[in-house]
Amino acid sequence: MSNAVYNFEELVILIPAYNPSKTLKHFVHKLKNHFSRIIIINDGSTQGLDVIDEISRLAGVEILTHPQNRGKGAALKSGFNRIGKIDTISLAEEFANNIQE
């Protein structure tokens with residue numbers, strides 16, 4: 001087991017999103033207080049595009065888009081392919097209400 005100490009600002013957060021709600025925007029704002037790079041994978045959403053558009057304007061947030069829904073696993077794979085071998089944390093929007101400031 002590693003005793004590595006992480007600088008959390010260097011971790012990349014991956015969030016797969018399909019038809020996200022406004023909760024995602026609030027979730028990302030909370031995460032921005034602790035992490036400098038967040039990647040949202042829009043997995044073929046047909047609803048909630050205004051939320052994704054608002055989030056895309058935040059510094060340190062990148063949006064990857066699948067033209068059609070391919071599932072959470074494919075969304076995460078796209079995120080991992082984008083960042084390469086960097087330490088990551090994957091979070092789902094449904095956990096947004098559990099994030100404390």
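Where is His-66 found?

1. His-66 is found in strand β3, which covers residues 61-66. Helices (H or I, at least four residues) and strands (E, at least two) are DSSP runs, numbered from the N terminus. This is a predicted model, in which local features need pLDDT of at least 70 and side-chain atom pairs count only at pLDDT 80 or more, while totals for chains, interfaces and linings use all residues. Residues are numbered from 1 along each chain as its sequence is written, and side-chain values use heavy atoms, with hydrogens and water left out.

2. Is His-66 buried or exposed? His-66 counts as buried because its relative accessibility is 5%; buried means under 20% relative accessible area, exposed over 50%, and partly exposed in between (1.4 Å probe, protein chains only). The side chain of His-66 is joined to that of Asp-43 by a polar contact of 2.7 Å. A polar contact is a pair of N or O atoms within 3.5 Å; within protein, one must be able to donate a hydrogen and the other to accept it, and residues adjacent in sequence count only if both atoms are side-chain atoms. Not counting residues up to four places away in sequence, His-66 touches Ile-41, Asn-42, Asp-43, Gly-44, Ala-74, Ala-75 and Ser-78, where contact means heavy atoms within 4.5 Å.

3. Ala-17 is buried, with a relative accessible area of 4%. The C-alpha atoms of Ala-17 and Asp-43 are separated by 5.9 Å, although the two residues are 26 residues apart along the chain.

4. Strand β1 is mostly covered, with 6 of its 6 residues buried. Val-12, Leu-14 and Pro-16 point one way from β1, and Ile-13, Ile-15 and Ala-17 point the other way. Strand β2 is likewise mostly covered, with 6 of its 7 residues buried. The two strands, β1 and β2, pair in the parallel sense over 6 bridges; strands pair if DSSP finds at least two bridges between them. In β2, Ile-40 is the bridge partner of Ile-15, and Ile-41 is that of Pro-16.

5. Which residues have the most contacts inside the largest nonpolar core? They are Ile-15, Leu-24, Val-28, Leu-31, Ile-38, Ile-40 and Ile-55, in a core of 14 residues. The elements that give two or more residues to this core are β1 (12-17), α1 (22-32), β2 (37-43) and α2 (49-56). Helix α1 gives the most, with 4 residues. A second, separate core has 8 residues, including Ile-39, Ile-41, Ala-75 and Ile-83. A nonpolar core is a set of buried Ala, Val, Leu, Ile, Met, Phe, Trp, Tyr and Cys residues joined through side-chain atoms within 4.5 Å.

6. Helix α3 (residues 72-83) has 12 residues and reaches 17 Å from its first C-alpha to its last, close to the expected 16 Å. The expected span is 1.5 Å times one less than the number of residues. Ala-74, Ala-75, Leu-76, Ser-78, Gly-79 and Ile-83 are buried in α3. The helix is followed by Gly-84, whose phi is positive, near 75°.

7. How many salt bridges are there? The count comes to 6, a salt bridge being a side-chain nitrogen of Lys or Arg within 4 Å of a carboxyl oxygen of Asp or Glu. Asp-50 and Lys-22 form one, with their closest N and O atoms 3.6 Å apart. Asp-50 lies in helix α2 and Lys-22 in helix α1, so this pair ties together parts that are 28 residues apart in sequence. Asp-50 is partly exposed at 45% relative accessible area, and Lys-22 is partly exposed at 40%.

8. Glu-62 takes part in salt bridges with Arg-37 (3.6 Å, N to O) and with Arg-82, where the closest N and O atoms are 2.5 Å apart. The link with Arg-82 runs from strand β3 to helix α3, 20 residues apart. Arg-82 counts as partly exposed at 44% relative accessibility. Salt bridges that share partners also join Lys-22, Lys-25, Asp-50 and Glu-54 into one network.
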